[in-house]
Amino acid sequence: MHQGQCLCGSVQFKLHQKITDIVMCHCSECRKAQGTAFATSGSVKNENFEFISGENNLTEFKGKKFCKTCGSPIMGKLKNNPDHTRIRLGTITNDIKEPIEKHIFTDSKANWDSICDSIAQHKEW
Ligand SMILES: [Zn+2]
Ligand SMILES: [Zn+2]
């Protein structure tokens, strides 16, 4: 249903379902992790995430897994939802038709970050 990969292409994966719970997170951790204003991510059930290649080329920090070669963020888990895998939408290669639900942690967004769409905004979760 979806195919994704890291920047260098060594890590490749498939998602066997639609992506759910898509949010744009403006918190300081997501900013550092992405090197930009916010991170857009969504969920799939763990069993619907399948590696095609590169599973042994991952490194981990605080439960988030990155490509060892190029640093692309590949997957993560929320502590309160261990049955689901979070995906950064920028790693998905095909078009994504699923809707973005909301902006979160807008209270801690960077001062240079302007939200210019009509998607719902939440100060925290
Ligand atoms: Zn890579
Ligand atoms: Zn965040």
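Q: What makes the arrangement of the four donor atoms around the zinc ion (ligand 1) tetrahedral?
A: In this predicted model, the four donor atoms subtend angles of 104 to 115 degrees at the zinc ion (ligand 1). Four donors count as tetrahedral if all angles lie between 85 and 135 degrees, so the arrangement is tetrahedral.

Q: Which atoms are the protein donors of the zinc ion (ligand 1)?
A: They are the SG atoms of Cys 6, Cys 8, Cys 67 and Cys 70, lying 2.3 to 2.4 Å from the ion. Donors are N, O and S atoms within 2.8 Å of the metal (3.2 Å for Na, K and Ca). Along the chain these donors follow the spacing C-x1-C-x58-C-x2-C. Cys 6 lies in the loop between strand 1 (2-5) and strand 2 (12-15), and Cys 67 in strand 7 (residues 64-67), so the pair ties together parts that are 61 residues apart in sequence. Strands are DSSP runs of E with at least two residues, numbered from the N terminus.

Q: Why does Cys 6 count as buried?
A: Buried means under 20% relative accessible area, exposed over 50%, and partly exposed in between (1.4 Å probe, protein chains only). Cys 6 has 3% relative accessibility and therefore counts as buried. Cys 67 is buried as well, because its relative accessible area is 2%.

Q: What are the protein donors of the zinc ion (ligand 2)?
A: Cys 25 (SG), Cys 27 (SG) and Cys 30 (SG) are the protein donors, at 2.1 to 2.3 Å from the ion. Their spacing along the chain is C-x1-C-x2-C. Water is not among the atoms, so sites may look incomplete. Cys 25 and Cys 27 are buried.

Q: What is the basis of the modelled values and of the numbering?
A: In this predicted model, local features need pLDDT of at least 70 and side-chain atom pairs count only at pLDDT 80 or more, while totals for chains, interfaces and linings use all residues. Side-chain values use heavy atoms, without hydrogens and water, and residues are numbered from 1 along each chain as its sequence is written.

Q: How many aromatic pairs does a search of the whole structure find, and what makes one of them stacked?
A: The search finds three aromatic pairs. Phe 13 and Phe 49 are 5.0 Å apart centre to centre, with 20 degrees between the planes, and this pair is stacked. Rings of Phe, Tyr and Trp (its six-membered ring) pair if their centres lie within 6.5 Å; planes under 30 degrees apart count as stacked, over 60 as edge-to-face and the rest as tilted. Phe 13 lies in strand 2 and Phe 49 in strand 5 (residues 49-53), so the pair ties together parts that are 36 residues apart in sequence. Both Phe 13 and Phe 49 are buried.

Q: Why is the pair of Phe 105 and Trp 125 called edge-to-face?
A: The ring centres of Phe 105 and Trp 125 are 5.2 Å apart and the planes stand at 80 degrees, so the pair is edge-to-face. Phe 105 is buried, because its relative accessible area is 17%, whereas Trp 125 is exposed, with a relative accessible area of 60%.

Q: Why is one side of strand 6 (58-61) and of strand 11 left without a neighbour in the sheet?
A: The open sheet has eight strands in the order 6-7-8-9-4-3-10-11, with mixed pairing. Strand 6 and strand 11 stand at the edges with a single partner strand each, so one side of each is left without a neighbour in the sheet. Two strands pair if DSSP finds at least two bridges between them; strand 6 and strand 7 pair in the antiparallel sense over four bridges.

Methods. Chains lettered and ligands numbered in written order. Tetrahedral: all angles 85-135°; square planar, octahedral: opposite > 155°, others 65-115°.
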